[in-house]
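Biologist: I am new to this model and would like to go through how its two chains meet. Please show it first.

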There are 2 protein chains.
Amino acid sequence: MKNLIPAIVLVRPQMGENIGMCARAMLNCGLTDLRLVNPRDGWPSDKAESASAGALAHINVTIYHTLAEAIADCGHVYATSGKSKQTLAKAIFTPEGCANEIHARAAADEMSAILFGCERSGLDNDELAQAHSIVTIPANPDFTSFNISQALLLMGYAWLRAKDETPAKLLHRGDSPAATHAEMENLIGRLFNELEEGGFFPSPALRPTTERNIRASLYRAEMSQQEANTFQGMITALIGRKKRP
Amino acid sequence: MKNLIPAIVLVRPQMGENIGMCARAMLNCGLTDLRLVNPRDGWPSDKAESASAGALAHINVTIYHTLAEAIADCGHVYATSGKSKQTLAKAIFTPEGCANEIHARAAADEMSAILFGCERSGLDNDELAQAHSIVTIPANPDFTSFNISQALLLMGYAWLRAKDETPAKLLHRGDSPAATHAEMENLIGRLFNELEEGGFFPSPALRPTTERNIRASLYRAEMSQQEANTFQGMITALIGRKKRP
(Lines give C-alpha, C1' and ligand atoms only; values in the text may rest on other atoms or scores of the structure.)
Protein backbone atom coordinates (compact mmCIF):
# COMPACT_ATOMS: atom_id res chain seq x y z
CA MET A 1 0.00 0.00 0.00
CA LYS A 2 1.43 3.32 -1.09
CA ASN A 3 0.47 6.38 0.90
CA LEU A 4 -0.43 8.68 -1.98
CA ILE A 5 -0.34 12.32 -0.96
CA PRO A 6 -3.13 14.30 -2.63
CA ALA A 7 -2.24 17.01 -5.15
CA ILE A 8 -3.26 20.57 -4.25
CA VAL A 9 -4.37 22.49 -7.35
CA LEU A 10 -4.76 26.29 -7.26
CA VAL A 11 -6.72 27.39 -10.31
CA ARG A 12 -5.95 30.93 -11.51
CA PRO A 13 -4.55 32.09 -8.14
CA GLN A 14 -4.17 35.85 -7.99
CA MET A 15 -1.81 36.98 -5.22
CA GLY A 16 1.69 35.65 -4.65
CA GLU A 17 1.29 36.21 -0.89
CA ASN A 18 -1.64 33.80 -0.87
CA ILE A 19 0.29 31.14 -2.80
CA GLY A 20 3.07 31.47 -0.25
CA MET A 21 0.62 31.17 2.68
CA CYS A 22 -0.87 28.12 0.94
CA ALA A 23 2.59 26.52 0.69
CA ARG A 24 3.18 27.14 4.39
CA ALA A 25 -0.18 25.61 5.33
CA MET A 26 0.54 22.62 3.06
CA LEU A 27 3.89 21.89 4.65
CA ASN A 28 2.37 22.29 8.15
CA CYS A 29 0.16 19.35 7.18
CA GLY A 30 2.75 17.29 5.27
CA LEU A 31 1.38 18.08 1.80
CA THR A 32 4.07 18.68 -0.85
CA ASP A 33 2.48 18.46 -4.35
CA LEU A 34 1.37 21.97 -5.38
CA ARG A 35 0.03 22.54 -8.90
CA LEU A 36 -0.68 26.06 -10.19
CA VAL A 37 -2.97 26.62 -13.17
CA ASN A 38 -2.27 30.01 -14.76
CA PRO A 39 -1.12 32.00 -11.73
CA ARG A 40 -2.08 35.61 -12.52
CA ASP A 41 1.20 37.22 -11.54
CA GLY A 42 3.49 34.54 -12.99
CA TRP A 43 5.92 32.18 -11.33
CA PRO A 44 8.29 32.18 -9.48
CA SER A 45 7.10 34.89 -7.13
CA ASP A 46 9.13 36.79 -4.53
CA LYS A 47 5.99 37.57 -2.58
CA ALA A 48 5.07 33.88 -2.45
CA GLU A 49 8.59 32.99 -1.35
CA SER A 50 8.50 35.50 1.49
CA ALA A 51 4.98 34.58 2.68
CA SER A 52 5.80 30.85 2.72
CA ALA A 53 8.18 31.24 5.71
CA GLY A 54 10.61 28.85 4.05
CA ALA A 55 8.01 26.23 3.15
CA LEU A 56 8.33 26.64 -0.64
CA ALA A 57 11.82 25.14 -0.54
CA HIS A 58 10.20 21.83 0.49
CA ILE A 59 7.19 21.91 -1.85
CA ASN A 60 7.15 20.56 -5.39
CA VAL A 61 5.52 23.31 -7.50
CA THR A 62 4.38 22.62 -11.09
CA ILE A 63 2.78 25.12 -13.47
CA TYR A 64 0.00 24.17 -15.92
CA HIS A 65 -1.92 26.02 -18.60
CA THR A 66 -5.18 24.12 -18.18
CA LEU A 67 -6.97 22.46 -15.29
CA ALA A 68 -7.34 19.26 -17.34
CA GLU A 69 -3.55 18.94 -17.64
CA ALA A 70 -3.08 19.62 -13.94
CA ILE A 71 -5.37 16.75 -12.88
CA ALA A 72 -4.66 14.34 -15.77
CA ASP A 73 -3.08 11.70 -13.47
CA CYS A 74 -5.70 11.88 -10.70
CA GLY A 75 -8.34 9.21 -10.11
CA HIS A 76 -10.64 11.41 -8.05
CA VAL A 77 -10.96 15.18 -8.01
CA TYR A 78 -12.51 17.14 -5.13
CA ALA A 79 -13.50 20.76 -5.78
CA THR A 80 -13.74 23.16 -2.84
CA SER A 81 -16.73 25.44 -3.12
CA GLY A 82 -18.91 27.65 -0.97
CA LYS A 83 -22.53 26.79 -0.35
CA SER A 84 -24.04 29.24 -2.79
CA LYS A 85 -22.57 27.53 -5.85
CA GLN A 86 -23.77 24.01 -5.27
CA THR A 87 -26.16 23.52 -8.13
CA LEU A 88 -24.30 20.56 -9.61
CA ALA A 89 -25.43 17.02 -8.90
CA LYS A 90 -22.36 15.95 -6.94
CA ALA A 91 -21.84 14.65 -3.44
CA ILE A 92 -20.83 17.36 -0.95
CA PHE A 93 -18.23 16.43 1.64
CA THR A 94 -17.04 18.09 4.83
CA PRO A 95 -13.23 18.41 4.96
CA GLU A 96 -13.16 15.47 7.38
CA GLY A 97 -15.41 13.30 5.19
CA CYS A 98 -13.25 14.12 2.17
CA ALA A 99 -10.04 13.40 4.10
CA ASN A 100 -11.25 9.94 5.08
CA GLU A 101 -12.15 9.17 1.47
CA ILE A 102 -8.77 10.37 0.20
CA HIS A 103 -7.00 8.00 2.59
CA ALA A 104 -9.27 5.15 1.50
CA ARG A 105 -8.50 5.90 -2.16
CA ALA A 106 -4.76 6.11 -1.45
CA ALA A 107 -4.93 2.68 0.19
CA ALA A 108 -6.35 1.44 -3.13
CA ASP A 109 -3.51 3.18 -5.02
CA GLU A 110 -5.80 5.95 -6.26
CA MET A 111 -4.46 9.49 -6.48
CA SER A 112 -6.71 12.40 -5.43
CA ALA A 113 -6.57 16.11 -6.17
CA ILE A 114 -8.17 18.98 -4.27
CA LEU A 115 -9.04 22.11 -6.29
CA PHE A 116 -9.16 25.68 -5.02
CA GLY A 117 -10.45 28.52 -7.20
CA CYS A 118 -9.16 32.08 -7.52
CA GLU A 119 -9.47 34.37 -4.51
CA ARG A 120 -12.10 36.65 -6.01
CA SER A 121 -14.68 34.16 -7.25
CA GLY A 122 -13.61 30.59 -6.56
CA LEU A 123 -14.00 27.83 -9.14
CA ASP A 124 -16.31 28.55 -12.06
CA ASN A 125 -18.97 26.11 -13.25
CA ASP A 126 -16.79 24.57 -15.99
CA GLU A 127 -14.04 23.95 -13.46
CA LEU A 128 -16.49 22.46 -10.95
CA ALA A 129 -17.84 20.19 -13.68
CA GLN A 130 -14.42 18.56 -14.03
CA ALA A 131 -14.48 17.36 -10.42
CA HIS A 132 -16.10 14.18 -9.10
CA SER A 133 -17.19 15.65 -5.77
CA ILE A 134 -17.50 18.92 -3.86
CA VAL A 135 -16.01 19.88 -0.51
CA THR A 136 -17.68 22.64 1.48
CA ILE A 137 -16.32 23.88 4.80
CA PRO A 138 -19.00 24.17 7.48
CA ALA A 139 -18.75 27.74 8.76
CA ASN A 140 -20.63 30.61 10.35
CA PRO A 141 -23.54 30.99 7.90
CA ASP A 142 -23.26 34.79 8.17
CA PHE A 143 -19.61 34.85 7.08
CA THR A 144 -18.52 31.98 4.87
CA SER A 145 -15.76 33.75 2.94
CA PHE A 146 -12.48 31.98 3.68
CA ASN A 147 -9.06 33.22 2.66
CA ILE A 148 -7.72 30.62 0.19
CA SER A 149 -4.85 29.58 2.45
CA GLN A 150 -7.25 29.22 5.39
CA ALA A 151 -9.52 26.93 3.36
CA LEU A 152 -6.49 24.93 2.24
CA LEU A 153 -5.25 24.62 5.82
CA LEU A 154 -8.57 23.16 6.97
CA MET A 155 -8.44 20.56 4.18
CA GLY A 156 -4.79 19.72 4.85
CA TYR A 157 -5.33 19.53 8.59
CA ALA A 158 -8.30 17.20 8.16
CA TRP A 159 -6.12 14.99 5.94
CA LEU A 160 -3.29 14.98 8.49
CA ARG A 161 -5.59 14.35 11.45
CA ALA A 162 -7.41 11.48 9.79
CA LYS A 163 -4.24 9.41 10.29
CA ASP A 164 -2.95 11.14 13.41
CA GLU A 165 -3.21 9.53 16.82
CA THR A 166 -2.37 12.40 19.15
CA PRO A 167 -4.48 11.91 22.29
CA ALA A 168 -7.18 14.58 22.79
CA LYS A 169 -5.76 15.29 26.26
CA LEU A 170 -2.25 14.37 27.31
CA LEU A 171 -1.45 14.63 30.99
CA HIS A 172 1.89 16.25 31.52
CA ARG A 173 3.54 16.59 34.93
CA GLY A 174 7.08 17.48 33.89
CA ASP A 175 9.59 14.79 34.76
CA SER A 176 7.85 13.59 37.90
CA PRO A 177 5.36 10.67 37.85
CA ALA A 178 1.84 10.95 39.22
CA ALA A 179 1.57 10.93 43.01
CA THR A 180 0.17 7.60 44.15
CA HIS A 181 -3.00 7.29 46.21
CA ALA A 182 -0.92 6.51 49.32
CA GLU A 183 1.22 9.62 48.80
CA MET A 184 -1.86 11.80 48.42
CA GLU A 185 -3.51 10.29 51.52
CA ASN A 186 -0.30 10.90 53.46
CA LEU A 187 -0.41 14.56 52.42
CA ILE A 188 -4.13 14.92 53.09
CA GLY A 189 -3.97 13.12 56.45
CA ARG A 190 -1.19 15.39 57.65
CA LEU A 191 -3.02 18.48 56.37
CA PHE A 192 -6.20 17.54 58.25
CA ASN A 193 -4.24 16.91 61.48
CA GLU A 194 -2.54 20.28 61.27
CA LEU A 195 -5.83 21.99 60.39
CA GLU A 196 -7.44 20.42 63.46
CA GLU A 197 -4.64 21.75 65.67
CA GLY A 198 -5.18 25.17 64.14
CA GLY A 199 -8.90 25.14 65.02
CA PHE A 200 -10.03 24.90 61.40
CA PHE A 201 -12.94 22.52 62.19
CA PRO A 202 -15.19 24.28 64.71
CA SER A 203 -18.20 21.96 64.19
CA PRO A 204 -17.68 18.19 64.40
CA ALA A 205 -20.93 17.74 62.45
CA LEU A 206 -19.68 19.66 59.41
CA ARG A 207 -16.15 18.24 59.46
CA PRO A 208 -16.79 15.22 57.17
CA THR A 209 -18.29 17.42 54.46
CA THR A 210 -15.48 19.96 54.69
CA GLU A 211 -12.90 17.18 54.46
CA ARG A 212 -14.59 15.68 51.41
CA ASN A 213 -14.57 19.06 49.65
CA ILE A 214 -10.90 19.67 50.37
CA ARG A 215 -10.04 16.12 49.25
CA ALA A 216 -11.99 16.67 46.00
CA SER A 217 -10.03 19.77 45.03
CA LEU A 218 -6.69 18.14 45.89
CA TYR A 219 -7.44 15.00 43.86
CA ARG A 220 -8.71 17.11 40.97
CA ALA A 221 -5.27 18.72 40.78
CA GLU A 222 -3.83 15.31 39.72
CA MET A 223 -0.51 16.10 41.39
CA SER A 224 2.88 14.67 40.58
CA GLN A 225 5.04 13.18 43.35
CA GLN A 226 7.15 16.32 43.27
CA GLU A 227 4.12 18.56 43.64
CA ALA A 228 2.84 16.48 46.60
CA ASN A 229 6.26 16.91 48.23
CA THR A 230 6.10 20.66 47.59
CA PHE A 231 2.71 20.77 49.33
CA GLN A 232 4.18 18.93 52.31
CA GLY A 233 6.89 21.58 52.45
CA MET A 234 4.28 24.34 52.24
CA ILE A 235 2.44 22.87 55.26
CA THR A 236 5.70 22.78 57.21
CA ALA A 237 6.43 26.40 56.33
CA LEU A 238 2.93 27.56 57.28
CA ILE A 239 3.03 25.74 60.65
CA GLY A 240 6.44 27.21 61.44
CA ARG A 241 5.23 30.71 60.60
CA LYS A 242 2.15 30.42 62.79
CA LYS A 243 4.26 29.28 65.72
CA ARG A 244 6.54 32.28 65.51
CA PRO A 245 5.70 34.86 68.20
CA MET B 1 -27.57 26.83 29.80
CA LYS B 2 -25.81 29.80 28.21
CA ASN B 3 -23.63 29.11 25.21
CA LEU B 4 -20.57 31.07 26.28
CA ILE B 5 -18.34 31.92 23.35
CA PRO B 6 -14.66 31.68 24.30
CA ALA B 7 -12.52 34.83 24.33
CA ILE B 8 -9.60 34.92 21.88
CA VAL B 9 -6.60 36.69 23.41
CA LEU B 10 -3.68 37.81 21.24
CA VAL B 11 -0.73 38.62 23.49
CA ARG B 12 1.67 41.23 22.07
CA PRO B 13 0.59 40.70 18.43
CA GLN B 14 3.00 42.33 16.00
CA MET B 15 1.48 42.81 12.54
CA GLY B 16 -1.86 44.46 11.85
CA GLU B 17 -2.34 42.18 8.82
CA ASN B 18 -2.21 39.16 11.10
CA ILE B 19 -4.74 40.66 13.52
CA GLY B 20 -7.05 41.25 10.56
CA MET B 21 -6.59 37.69 9.29
CA CYS B 22 -7.30 36.47 12.83
CA ALA B 23 -10.54 38.48 12.91
CA ARG B 24 -11.59 36.96 9.58
CA ALA B 25 -10.85 33.43 10.79
CA MET B 26 -12.74 34.11 14.03
CA LEU B 27 -15.87 35.29 12.24
CA ASN B 28 -15.69 32.32 9.85
CA CYS B 29 -16.09 30.18 12.97
CA GLY B 30 -18.62 32.36 14.81
CA LEU B 31 -16.15 33.73 17.38
CA THR B 32 -16.61 37.43 18.21
CA ASP B 33 -14.73 38.27 21.44
CA LEU B 34 -11.20 39.44 20.50
CA ARG B 35 -8.88 40.76 23.22
CA LEU B 36 -5.54 42.34 22.33
CA VAL B 37 -2.79 42.67 24.94
CA ASN B 38 -0.33 45.41 23.94
CA PRO B 39 -0.55 45.23 20.14
CA ARG B 40 2.88 46.40 18.91
CA ASP B 41 1.66 48.79 16.23
CA GLY B 42 -1.27 50.22 18.19
CA TRP B 43 -4.99 50.08 17.61
CA PRO B 44 -7.07 50.68 15.49
CA SER B 45 -5.05 49.49 12.50
CA ASP B 46 -5.77 50.15 8.83
CA LYS B 47 -3.82 47.03 7.86
CA ALA B 48 -5.91 44.90 10.20
CA GLU B 49 -9.10 46.44 8.82
CA SER B 50 -8.11 45.65 5.26
CA ALA B 51 -6.91 42.08 5.96
CA SER B 52 -10.09 41.23 7.86
CA ALA B 53 -12.22 41.31 4.67
CA GLY B 54 -14.96 43.11 6.58
CA ALA B 55 -14.92 40.79 9.59
CA LEU B 56 -13.68 43.39 12.09
CA ALA B 57 -16.99 45.25 11.84
CA HIS B 58 -18.64 42.22 13.47
CA ILE B 59 -15.98 41.48 16.11
CA ASN B 60 -15.85 43.02 19.57
CA VAL B 61 -12.22 44.14 20.05
CA THR B 62 -10.91 45.17 23.49
CA ILE B 63 -7.39 46.39 24.29
CA TYR B 64 -5.58 45.48 27.52
CA HIS B 65 -2.24 46.40 29.04
CA THR B 66 -1.66 43.11 30.83
CA LEU B 67 -2.60 39.50 30.18
CA ALA B 68 -4.02 39.22 33.71
CA GLU B 69 -6.56 41.97 32.97
CA ALA B 70 -7.50 40.38 29.66
CA ILE B 71 -8.41 37.04 31.25
CA ALA B 72 -9.71 38.32 34.60
CA ASP B 73 -13.28 37.09 33.95
CA CYS B 74 -12.33 33.64 32.54
CA GLY B 75 -12.74 30.39 34.46
CA HIS B 76 -10.34 28.40 32.33
CA VAL B 77 -7.46 29.60 30.19
CA TYR B 78 -5.96 27.54 27.35
CA ALA B 79 -2.55 28.62 26.02
CA THR B 80 -1.56 27.62 22.50
CA SER B 81 2.04 26.52 22.27
CA GLY B 82 4.35 24.55 20.02
CA LYS B 83 5.82 21.26 21.16
CA SER B 84 9.28 22.59 21.99
CA LYS B 85 8.08 24.76 24.87
CA GLN B 86 6.14 22.21 26.85
CA THR B 87 8.15 22.03 30.04
CA LEU B 88 5.30 23.09 32.30
CA ALA B 89 3.27 20.50 34.17
CA LYS B 90 -0.03 21.13 32.40
CA ALA B 91 -2.36 18.94 30.38
CA ILE B 92 -1.79 19.24 26.61
CA PHE B 93 -4.88 19.23 24.42
CA THR B 94 -5.41 18.83 20.69
CA PRO B 95 -7.64 21.58 19.24
CA GLU B 96 -10.50 19.08 19.14
CA GLY B 97 -9.96 17.94 22.74
CA CYS B 98 -9.83 21.57 23.86
CA ALA B 99 -12.96 22.46 21.88
CA ASN B 100 -14.96 19.69 23.53
CA GLU B 101 -13.86 20.87 26.97
CA ILE B 102 -14.75 24.49 26.19
CA HIS B 103 -18.29 23.45 25.24
CA ALA B 104 -18.57 21.37 28.42
CA ARG B 105 -17.40 24.35 30.49
CA ALA B 106 -19.82 26.67 28.70
CA ALA B 107 -22.66 24.29 29.53
CA ALA B 108 -21.65 24.76 33.18
CA ASP B 109 -21.64 28.56 32.72
CA GLU B 110 -17.84 28.71 32.71
CA MET B 111 -16.09 31.15 30.40
CA SER B 112 -12.92 30.04 28.61
CA ALA B 113 -10.11 32.00 26.94
CA ILE B 114 -7.63 30.83 24.31
CA LEU B 115 -4.25 32.60 24.27
CA PHE B 116 -2.00 33.13 21.26
CA GLY B 117 1.50 34.59 21.62
CA CYS B 118 3.33 37.05 19.38
CA GLU B 119 4.25 35.92 15.86
CA ARG B 120 8.00 35.80 16.45
CA SER B 121 8.21 33.75 19.61
CA GLY B 122 4.78 32.74 20.88
CA LEU B 123 3.82 32.92 24.54
CA ASP B 124 6.68 33.28 27.03
CA ASN B 125 6.98 31.15 30.17
CA ASP B 126 5.34 33.71 32.45
CA GLU B 127 2.39 33.95 30.08
CA LEU B 128 2.12 30.16 29.81
CA ALA B 129 2.17 29.95 33.60
CA GLN B 130 -1.06 31.97 33.79
CA ALA B 131 -2.96 29.33 31.81
CA HIS B 132 -4.61 26.18 33.17
CA SER B 133 -3.86 24.02 30.12
CA ILE B 134 -1.90 23.92 26.88
CA VAL B 135 -3.18 23.38 23.34
CA THR B 136 -0.74 22.08 20.73
CA ILE B 137 -1.72 21.58 17.11
CA PRO B 138 -0.62 18.20 15.73
CA ALA B 139 1.39 19.00 12.59
CA ASN B 140 4.13 17.81 10.26
CA PRO B 141 6.99 17.32 12.78
CA ASP B 142 9.44 18.81 10.26
CA PHE B 143 7.51 22.09 9.93
CA THR B 144 5.45 23.04 12.95
CA SER B 145 5.54 26.82 12.53
CA PHE B 146 1.97 28.07 12.02
CA ASN B 147 1.01 31.58 11.03
CA ILE B 148 -0.94 32.99 14.01
CA SER B 149 -4.19 33.31 12.05
CA GLN B 150 -3.83 29.73 10.78
CA ALA B 151 -3.40 28.42 14.32
CA LEU B 152 -6.40 30.48 15.42
CA LEU B 153 -8.49 29.15 12.54
CA LEU B 154 -7.79 25.55 13.54
CA MET B 155 -8.89 26.28 17.12
CA GLY B 156 -11.99 28.17 16.00
CA TYR B 157 -12.93 25.51 13.48
CA ALA B 158 -12.57 22.75 16.07
CA TRP B 159 -14.85 24.76 18.37
CA LEU B 160 -17.42 25.29 15.60
CA ARG B 161 -17.32 21.67 14.43
CA ALA B 162 -17.70 20.23 17.93
CA LYS B 163 -21.34 21.41 17.82
CA ASP B 164 -21.88 21.17 14.06
CA GLU B 165 -23.88 18.36 12.54
CA THR B 166 -23.08 18.70 8.84
CA PRO B 167 -23.04 15.15 7.41
CA ALA B 168 -19.58 13.97 6.28
CA LYS B 169 -21.02 13.22 2.84
CA LEU B 170 -24.22 14.76 1.53
CA LEU B 171 -25.67 13.27 -1.64
CA HIS B 172 -26.79 15.97 -3.98
CA ARG B 173 -28.66 15.26 -7.21
CA GLY B 174 -29.91 18.73 -8.07
CA ASP B 175 -33.70 19.01 -7.88
CA SER B 176 -34.43 15.45 -8.97
CA PRO B 177 -34.93 12.61 -6.44
CA ALA B 178 -32.93 9.39 -6.56
CA ALA B 179 -33.95 6.95 -9.28
CA THR B 180 -35.81 4.03 -7.74
CA HIS B 181 -34.66 0.45 -8.12
CA ALA B 182 -37.49 -0.21 -10.62
CA GLU B 183 -36.47 2.80 -12.72
CA MET B 184 -32.86 1.64 -12.79
CA GLU B 185 -33.85 -1.93 -13.69
CA ASN B 186 -36.04 -0.56 -16.48
CA LEU B 187 -33.05 1.35 -17.85
CA ILE B 188 -30.65 -1.58 -17.43
CA GLY B 189 -33.07 -4.13 -18.93
CA ARG B 190 -33.57 -1.98 -22.01
CA LEU B 191 -29.82 -1.38 -22.31
CA PHE B 192 -29.07 -5.13 -22.20
CA ASN B 193 -31.74 -5.89 -24.84
CA GLU B 194 -30.34 -3.27 -27.19
CA LEU B 195 -26.79 -4.46 -26.53
CA GLU B 196 -27.83 -8.02 -27.42
CA GLU B 197 -29.32 -6.84 -30.70
CA GLY B 198 -26.06 -5.02 -31.42
CA GLY B 199 -24.03 -8.19 -30.92
CA PHE B 200 -22.38 -6.97 -27.73
CA PHE B 201 -22.49 -10.40 -26.02
CA PRO B 202 -20.56 -12.84 -28.24
CA SER B 203 -20.17 -15.53 -25.56
CA PRO B 204 -23.25 -16.73 -23.65
CA ALA B 205 -20.92 -18.08 -20.94
CA LEU B 206 -19.40 -14.66 -20.20
CA ARG B 207 -22.65 -12.72 -20.47
CA PRO B 208 -23.72 -12.94 -16.80
CA THR B 209 -20.35 -11.59 -15.60
CA THR B 210 -20.40 -8.76 -18.14
CA GLU B 211 -23.93 -7.84 -17.11
CA ARG B 212 -23.01 -7.79 -13.44
CA ASN B 213 -20.06 -5.47 -14.13
CA ILE B 214 -22.16 -3.03 -16.15
CA ARG B 215 -24.87 -3.10 -13.48
CA ALA B 216 -22.25 -2.37 -10.79
CA SER B 217 -21.00 0.77 -12.51
CA LEU B 218 -24.52 2.05 -13.19
CA TYR B 219 -25.65 1.54 -9.59
CA ARG B 220 -22.45 3.14 -8.34
CA ALA B 221 -23.42 6.31 -10.20
CA GLU B 222 -26.41 6.67 -7.80
CA MET B 223 -28.46 8.36 -10.52
CA SER B 224 -31.36 10.73 -10.09
CA GLN B 225 -34.64 10.08 -11.92
CA GLN B 226 -33.73 12.82 -14.35
CA GLU B 227 -30.33 11.26 -15.05
CA ALA B 228 -31.92 7.83 -15.62
CA ASN B 229 -34.27 9.47 -18.13
CA THR B 230 -31.30 11.14 -19.82
CA PHE B 231 -29.62 7.74 -20.16
CA GLN B 232 -32.80 6.33 -21.74
CA GLY B 233 -32.64 9.18 -24.24
CA MET B 234 -28.98 8.45 -24.92
CA ILE B 235 -29.78 4.82 -25.74
CA THR B 236 -32.50 5.96 -28.13
CA ALA B 237 -30.11 8.37 -29.85
CA LEU B 238 -27.39 5.74 -30.18
CA ILE B 239 -29.77 3.12 -31.62
CA GLY B 240 -31.11 5.65 -34.12
CA ARG B 241 -27.63 6.57 -35.20
CA LYS B 242 -26.55 2.95 -35.70
CA LYS B 243 -29.63 2.28 -37.85
CA ARG B 244 -28.87 5.13 -40.16
CA PRO B 245 -27.38 3.87 -43.44
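Biologist: Why is the pair Arg161(A) and Glu96(B) called a salt bridge?

Modeller: A salt bridge needs a side-chain nitrogen of Lys or Arg within 4 Å of a carboxyl oxygen of Asp or Glu. The closest N and O atoms of Arg161(A) and Glu96(B) are 2.6 Å apart, so the pair meets the rule. Between chain A and chain B the count is 4 salt bridges.

Biologist: What are the ground rules here?

Modeller: This is a predicted model, in which local features need pLDDT of at least 70 and side-chain atom pairs pLDDT 80 or more, while totals for chains, interfaces and linings use all residues. Residues are numbered from 1 along each chain, chains are lettered from A in the order written, and side-chain values use heavy atoms, without hydrogens and water.

Biologist: How many residues of each chain are in the contact?

Modeller: Contact means heavy atoms within 4.5 Å. By that rule, chain A gives 50 residues and chain B gives 50 residues.

Biologist: What area is buried between chain A and chain B?

Modeller: About 3900 Å², with 58% from carbon and sulfur atoms. Buried area is the accessible area (1.4 Å probe) that two parts lose on being put together, summed over both.

Biologist: What makes E5(A) and E8(B) a strand pair?

Modeller: Strands are DSSP runs of at least two residues (E), numbered from the N terminus, and two of them pair if DSSP finds at least two bridges between them. E5(A) and E8(B) are joined by 2 bridges and run antiparallel, so they pair. In E8(B), Lys169(B) stands opposite Phe93(A).

Technical notes. Helices (H or I, at least four residues) and strands (E, at least two) are DSSP runs, numbered from the N terminus.
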